[in-house]
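Trainee: Please show me the structure, and then I will ask about it.

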Amino acid sequence: MDSQIKQNAPARNAPLDHDFHSAWGSVYTNNSTVGDKEILPLWEQYAVDKGAVDRKYQLLLNEYTDLFSTVFGGYYPISMHAHATDSLMPTTIASLILNTTATSPLVLDSPTLRPKADEKPEETGMRVRGFALGFLGWDETHVLSPTFVVADNIYGAGYGPLAHASKEWEISAIASGPKPVVVNMREADEETLNTQFAAAKAKGCIAVVFDMVSTEDGLVLAPEKFGIIKTCCAQNRLLLIVDETMTAMRCGAPFAFQRPEYAREGVEYQPDLVIFGKGIGVSGIAIGFGGVMTRGLTYTKPEDIRQTIRFWRALVSRPIRLPILLEALSILRASVEENWPERSEQIGDAVRDVLHELDPSTKVPGAIQGLGAVITINKEVALQFSIMCAIRRRSPWARLLPKLSSTSADREVLIRQVFGQESKEQRQVLTREAEQCGAIPLWCFICGIEATSEDWCRACYLSFCNNEEKDT
C-alpha cells in the first residue's frame with residue numbers, strides 16, 4: 001500500500017497563477033490533498049466499495065471533530081452547513097444555543113432540572129426550556145424573532161436577515177427576516193457600545209457578530225476594541241460570534257482572534273461561536289466552551305462536550321456527506337503538516353514586498369490593509385497587475401487572497417508567475433489548457449463575480465462578466 005500511495009500521490013507545489021480571488025478565499029491551495037497517506041486508501045476503497053467506507057462514518061466524523069478542535073484551539077465543529085450564510089441564520093443560532101444549554105451539565109447533572117422518569121415529556125421540555133431562557137436572559141421575542149447586532153463594516157450575508165446589512169443593492173434587495181442592529185464597533189467607546197448592546201438585547205438580539213478583518217475595506221479590528229466588545233457582550237448576556245469565513249488560517253493563527261495581540265485582551269472571555277467557511281472543507285459553526293455565555297454552562301468533561309455535539313447533530317440525517325468529510329479531513333491534515341497559519345504571515349510579507357517594489361504608491365501608510373494573507377489594496381492598483389481579486393462590486397478596494405502554498409511566500413516566484421511581465425508564460429499555459437476543454441477564466445477581473453464573456457483575453461488569461469455595470 002505504501003508504494004501505491006507514493007505512486008498515486010499528486011505532486012506538491014502546483015504552479016502559482018494570478019487567481020488571487022481563490023473562490024472568495026475558499027480555496028487554500030492548488031495542491032491536491034487527495035494523496036494524503038491516511039485518506040488516500042479510503043478514497044480507493046470508496047471507489048470500489050462505498051459501503052465499507054460508509055460503515056466507518058462515525059469514526060471518521062469523530063476524527064474530524066477531534067482534529068478540528070486540536071487545530072483550532074478547543075473549538076468544536078458542532079454544526080455543518082453548505083454555505084457560511086446558512087450558519088448565520090439567527091434562528092439556527094438560537095436553536096443551537098438552546099440545545100447546548102438544555103443538554104449542559106447545569107441541566108443533566110441537576111437533581112431538579114434533569115429529566116425525571118415519572119414526568120411527562122412535555123413537562124420536562126417546558127421546565128428545561130424555562131431554565132434555558134432564564135440563563136440566556138431571553139423572553140419569547142428572542143425565541144420567535146431573534147436578531148443580531150452586527151458591525152457596520154461586515155459583509156453580512158448573501159441572503160436572509162444579515163443581507164439587510166449589505167452595501168450591494170443586489171443583496172440587500174433580497175434580504176428577508178428581521179433586520180440586524182448595525183453598530184459602528186470600530187469607533188464607539190465602551191459606554192456607547194454597552195448602551196447600544198443593552199437596547200438591542202431588549203429588542204430581541206441574541207448575539208453580536210463581527211469579523212477581525214473588515215470585508216469592506218480590509219481594516220483590522222484593534223485588539224483593545226476586541227476586549228471592549230467581549231466585555232459589553234458579557235454585561236448584556238449576548239453571544240459573541242466571530243465570522244472567520246475568510247480569515248481562518250490566513251491571518252497568522254488558526255482563527256484570527258487567536259493571534260497573541262487579541263488573546264491578551266479580556267482573557268476571561270472568549271467567543272462563544274465561530275463561523276468557518278469552505279476553505280476548511282465545509283462551512284459551519286464552531287463552538288467553544290469558554291465563551292462569554294458558554295463558559296457558564298460548565299462544560300469541562302470531554303464526554304459532556306461530545307454528548308451535546310451528538311445531540312445537536314442527531315437532529316439532521318448526516319451533518320456532512322462522506323466524500324466532503326474525507327476532503328475536510330485531508331485539508332485539516334495538510335494545514336497541520338504545512339503550518340498554514342505561520343506560512344500566511346510569510347506570504348503576506350512577500351506579497352506586500354512585491355507590491356511595494358512594483359508600485360511605490362503602495363508604500364504610503366494605509367495603502368495596503370489587511371492581516372497576514374488577507375491583503376486589501378485600491379482596486380485601480382490591483383487592475384494594473386491584471387490579477388483576479390475578490391472584489392465587492394462597488395467597493396474601491398480589492399482583496400488579494402493568495403493560496404497558502406510555500407511558493408506563495410517566494411517573492412521571485414510571485415513576480416515570475418503572478419505579477420511581473422514574466423507571468424505571460426504561465427498565463428499562456430492556462431489559456432491553452434482552457435481552450436482545450438472549452439473553459440474560460442473563472443472570475444471577472446473587474447468586479448469579482450463569475451466571468452461569462454467568451455471574448456476573453458488569451459494573452460492575459462482574463463475575462464469579464466458582461467454585466468452592464470462592470471465599469472461602475
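Trainee: Which residue stands opposite I391 in strand 12?

Mentor: This is a predicted model, where local features need pLDDT of at least 70, side-chain atom pairs count only at pLDDT 80 or more, and totals for chains, interfaces and linings use all residues. Residues are numbered from 1 along each chain as its sequence is written, and side-chain values use heavy atoms, with hydrogens and water left out. Strands are DSSP runs of E with at least two residues, helices are runs of H or I with at least four, and both are numbered from the N terminus. Strand 11 (residues 388-391) and strand 12 (residues 397-400) run antiparallel, joined by two bridges, and opposite I391 stands A398.

Trainee: What is the strand order of the open sheet of five strands?

Mentor: Two strands pair if DSSP finds at least two bridges between them. The pairing in this sheet is mixed, and the order is 1-11-12-10-9.

Trainee: Which are the edge strands?

Mentor: An edge strand here pairs on one side only. That holds for strand 1 (19-20) and strand 9 (368-371).

Trainee: Is N99 buried or exposed?

Mentor: N99 is part of helix 7 (residues 90-102). Buried means under 20% relative accessible area, exposed over 50%, and partly exposed in between, with a 1.4 Å probe and protein chains only. The relative accessibility of N99 is 16%, so N99 counts as buried.

Trainee: Which residues does N99 touch, not counting those up to four places away in sequence?

Mentor: Contact means heavy atoms within 4.5 Å. With residues up to four places away in sequence not counted, N99 touches T308, F311 and W312.
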